[in-house]
Amino acid sequence: MRKVCVIGASGKLGRYMVGHALDRGYEVVGVCRERSVPKLADFADRITVVPGDTNDREVVRRAVAGCDGVLTVLVPWGVRQYSSGTAQAVLDFAEPGARLVFSCGWHVARDGRDRYTRRFRATVRVVTVLARLLRAVEVDDQVEAARRIFASDRRWTLVRGSDLEEGESQGLPVWSRHVGDPVLASNLTRRVDFALFMVAALTDDTLVGEAPAIVGRLTPSALAHAADGGSPAGHGAP
Ligand SMILES: NC(=O)c1ccc[n+]([C@@H]2O[C@H](COP(=O)([O-])OP(=O)(O)OC[C@H]3O[C@@H](n4cnc5c(N)ncnc54)[C@H](OP(=O)(O)O)[C@@H]3O)[C@@H](O)[C@H]2O)c1
C-alpha cells in the first residue's frame, strides 16, 4: 500500500482515516465537497485534495487514479442516489486490483443471517420513512450501494459500524460476520477506531469479500467474548 484515496475525507470518519493513513506513511488523496475543503486545513500540506461531490464520477475517476487503496465513506444524503452513485464510481474507476474499503452501518444486512432486535428494525424503518419524507436522507440507497458492492468482483470490504462515540482510541475493534452475535451486543465503537479498522483493512486480505460488523474492543460484550475463550479482540470473527 503506497497511495490511498479517502472519499469523504472532510467528515469525522474521513479525517480520522486521513490521519491513520498518514501515520502509516501512505500518500493520501482526499475527496470532499468544495465548501468543506477548509475542514482539511490541518492536513493541507500533507495531502492532495480533489474538491467535489463524492458521487461526481469525473471527480472520483481523477482522485482514485494510481491509488492502491480507496477508503470510501458511504453517506446517503439527499434523495439523489448519493451512496450508490459514490460506490458505483469507485467500483468503476479504481485501479484494477486496488483494495476498496467502504463504510456503512449495521442496518445493511449481508446474507440473511444478521439478527436484529425488534427495536433496531423499528428505528431503521421510522428513520428511513421520515428522512425520505423530509428528502434529507435516503437510507435505502446505502443498502443499494451495498448490494452493488457485494455483487462486484473487486477486492472490497464493507465495514458495518455500530453506534459511534468520540474518545481516545481503544485499539482495533472486534468484528463478526453477523449482526446479532453476542460479541457485538454493546453496540458502541469509538469513531477513531472505526477509522483504524477501515485503514487496517487495506492490508488485511482476510477481509476481502467480507462485511464485518464491528464493535469497540474494550466494550463489555467484546471483553466478555474474549473471557469466554472467543477469538482475541481485534482478530476477526468468532
Ligand atoms: N453516525 C453514526 O452513529 C454511525 C453509525 C454507524 C455507521 N456509521 C457510518 O459511518 C460513516 C460516517 O458517518 P458519520 O455519521 O460518522 O459522519 P461523518 O464521518 O461526519 O461523515 C459525514 C459525511 O457526509 C458528508 N455530508 C454531510 N452533509 C452532506 C450533504 N448534504 N451532501 C453530501 N455530503 C454530505 C460530509 O461531508 P462534508 O465534510 O462535506 O460536510 C462527510 O463526508 C457512514 O458511512 C455511516 O453510515 C455512522
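Start by selecting Asn187: this residue is partly exposed, with 17 other C-beta atoms within 10 Å. (Buried takes 20 or more such neighbours, exposed 12 or fewer, and partly exposed is in between, with C-beta atoms placed from the backbone.) Before you click on, note that this is a predicted model, where local features need pLDDT of at least 70, side-chain atom pairs count only at pLDDT 80 or more, and totals for chains, interfaces and linings use all residues. Residue numbers run from 1 along each chain as its sequence is written.

Asn187 sits in the loop between strand 8 (174-176) and strand 9 (189-190). (Helices, H or I with at least four residues, and strands, E with at least two, are DSSP runs numbered from the N terminus.) The phi of Asn187 is positive, near 50°. Most residues other than glycine have a negative phi.

Now pick Gln81, in the loop between strand 4 (69-73) and helix 3. Gln81 isn't a glycine either, yet its phi is positive, about 50°.

Next, show helix 2 (residues 57-64) with helix 3 (residues 82-93): they pack at about 45°, their axes 9 Å apart. That makes helix 2 oblique to helix 3. (Axes are lines fitted to C-alpha atoms over the stretch in contact, and angles run from 0 to 180 degrees between N-to-C directions; under 35 degrees is roughly parallel, over 145 roughly antiparallel, 65 to 115 roughly perpendicular, and the rest oblique.)

Move on to helix 4. How many of its 16 residues are buried? Zero, so helix 4 lies largely in the open.
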